[in-house]
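Hi there,

Here is the structure we talked about, ready for you to open. My notes follow below it.

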Amino acid sequence: MRLFGTSGIRGVADKNLIQLALRVGLAVGEIYGKVVVGGDTRTSSDAMKHALTSGLLAAGSRCYDAGVVPTPTLALAAGGFDAGAMITASHNPPEYNGIKLLNPDGSAFDSEQQHQIEEVISGDALSVAPWGEVRGGEIYSGAIEEHIEHILQDFPTDLKVRVVVDCGCAAASVITPYLLKRLGCEVIALNCYPSGFFPRAVEPIEANLGDLMQVTREAGADLGIAHDGDGDRMMAVDDRGRFIPGDKLLAVFAREAGAERVITTIDASMVIDEMGFGVTRTEVGDNYVSAELKKGGDFGGEPSGSWVFPAISLCPDGIYAAAQLVAIARRQKLSQLVDGIPCYPLLRGSVTVRGVGMPQLEQRLLAMEPLLVDNVDGIRLSFKDGWLLVRASGTEPKVRVTAEAKSEARARELYDSGIRVIKECMEE
């Protein structure tokens, strides 16, 4: 039974997911004796959390409820527990929900831990502790303040910049605006109240951040910041109201960290390789970046907006990233900084598919005669003037396509070739 995708367990919040949450709680509670639980603002998160908590308690685990918190806030709190469990579907639409399981160092459960949970659930050997070992749940009320204080240690409190913050009415609403005010910022709040009815599509991509870009321009702000559903991602807008591509933010944060070795994903721009960093590439997914950082590395991230500061936590921390970017904007206009980073034309997209296997796609793609083939995640074809990546999504029934080249025409040619091959396979 395969339950975990690239970012935990995820699905439409129906009776099956609620029942699964109970079983996950029983399985986790059988192995981990003390667990802290949090959730995002989705309308189904309370029901999911209660189901998971019931399982944890019934299995004999001691369970602490941290309330509505971002994932990185819960990850930091997990340092005082055997494990953390976050109820969230991250950037998925509001009808979805899910479970992220976290280690005390902030990293997501690795493949061995995931397999262990799946085996317990699928083995139909779930057990309930004797009544004398079952305890009541407890409240853990200090997670947000602990996260704020933890971040404040690393930054001055006179960051007098004007910043527009768009939390999408999701979990970061309870922390980012307050943190930035304590750092000395003038905060213009946009969608910064908790609500499960997200006013914009919750994934912080350029197409969903038109209001943030407009307000940043009109307010004469120094920058704009946007989060996803659980606050582990952060994307940004510069002082000219322009969306900053994730590949450029990756370079900005890596430079700020003084990184020698950067861990990033296979879909990140080739620019990061050309900027003098030692680069290690992983499968797409912040859990793979975090796992590689355990072996070494100064900074990790992926262009979707997940930024991992290993000295702080192995969980992507969009809240810390927001503070870091504000500190950078205090010293230099982001528009100038971003324009100084080289870039190549890069296209990203996806095709919704059913019944198309990667071996079928790979066979056709190899006919393009690449110079190098990388199968770390899907298939990446390298050419003398660019590259093409075709990979199955780990969270949706989609095949994702990324292409980058030295010219716009070549990037478009590679991208269109990838889309064409996928559609041809679907028609067979």
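**Aromatic pairs**

Phe109 is buried, at a relative accessible area of 2%; buried means under 20% relative accessible area, exposed over 50% and partly exposed in between, with a 1.4 Å probe and protein chains only. Before going on, please note that this is a predicted model, in which local features need pLDDT of at least 70 and side-chain atom pairs count only at pLDDT 80 or more, while totals for chains, interfaces and linings use all residues. Residues are numbered from 1 along each chain as its sequence is written, and side-chain values use heavy atoms, with hydrogens and water left out.

A search of the whole structure turns up 10 aromatic pairs. Rings of Phe, Tyr and Trp (its six-membered ring) pair if their centres lie within 6.5 Å; planes under 30 degrees apart count as stacked, over 60 as edge-to-face and the rest as tilted. In one of the pairs, Phe109 partners Tyr32, with 5.3 Å from centre to centre and 45 degrees between the planes, which is tilted. This pair links distant parts of the chain, 77 residues apart: Tyr32 is in the loop between α1 and β2 (34-39), and Phe109 is in the loop between β5 (96-102) and α4. Helices (H or I, at least four residues) and strands (E, at least two) are DSSP runs, numbered from the N terminus. Tyr32 also counts as buried, at 13% relative accessibility.

Phe155 and Tyr320 make another tilted pair, because their ring centres are 5.3 Å apart and their planes are at 55 degrees. Here 165 residues separate the partners: Phe155 is in the loop between α5 (143-152) and β7 (162-166), while Tyr320 is in helix α11 (residues 318-331). Both Phe155 and Tyr320 are buried. They belong to one aromatic cluster together with Phe253, Phe299, Trp307 and Phe309.

**Where α1 meets α4**

Helix α1 (residues 15-31) packs against helix α4 (residues 111-122) at an angle of about 115 degrees, and their axes are 9 Å apart. The axes are lines fitted to C-alpha atoms, for helices over the stretch in contact, and angles run from 0 to 180 degrees between N-to-C directions. That makes α1 roughly perpendicular to α4; angles under 35 degrees count as roughly parallel, over 145 as roughly antiparallel, 65 to 115 as roughly perpendicular and the rest as oblique.

Which residues meet in α1 and α4? From α1 come Leu20, Arg23, Val24, Ala27, Val28, Glu30 and Ile31, and from α4 come Gln116, Ile117, Val120 and Ile121. Contact means heavy atoms within 4.5 Å. The residues of this contact of α1 with α4 divide into eight nonpolar, one polar and two charged (Ala, Val, Leu, Ile, Met, Phe, Trp, Tyr, Cys and Pro count as nonpolar, Asp, Glu, Lys and Arg as charged, and the others, Gly among them, as polar).

**Three loop residues**

Ser195 is in the loop between β8 (186-190) and α7 (210-218), and it is buried, with a relative accessible area of 16%. Leaving aside residues up to four places away in sequence, Ser195 touches Thr41 and Cys169. The C-alpha atoms of Ser195 and Thr43 are separated by 7.8 Å, although the two residues are 152 residues apart along the chain.

Ser90, a residue other than glycine, has a positive phi near 55 degrees. Ser90 is in the loop between β4 (83-87) and β5 and is buried, with a relative accessible area of 3%. Glu369 also has a positive phi near 55 degrees, in the loop between α13 (358-365) and β17 (372-374). Is Glu369 buried or exposed? Glu369 is exposed, with a relative accessible area of 66%.

Best wishes
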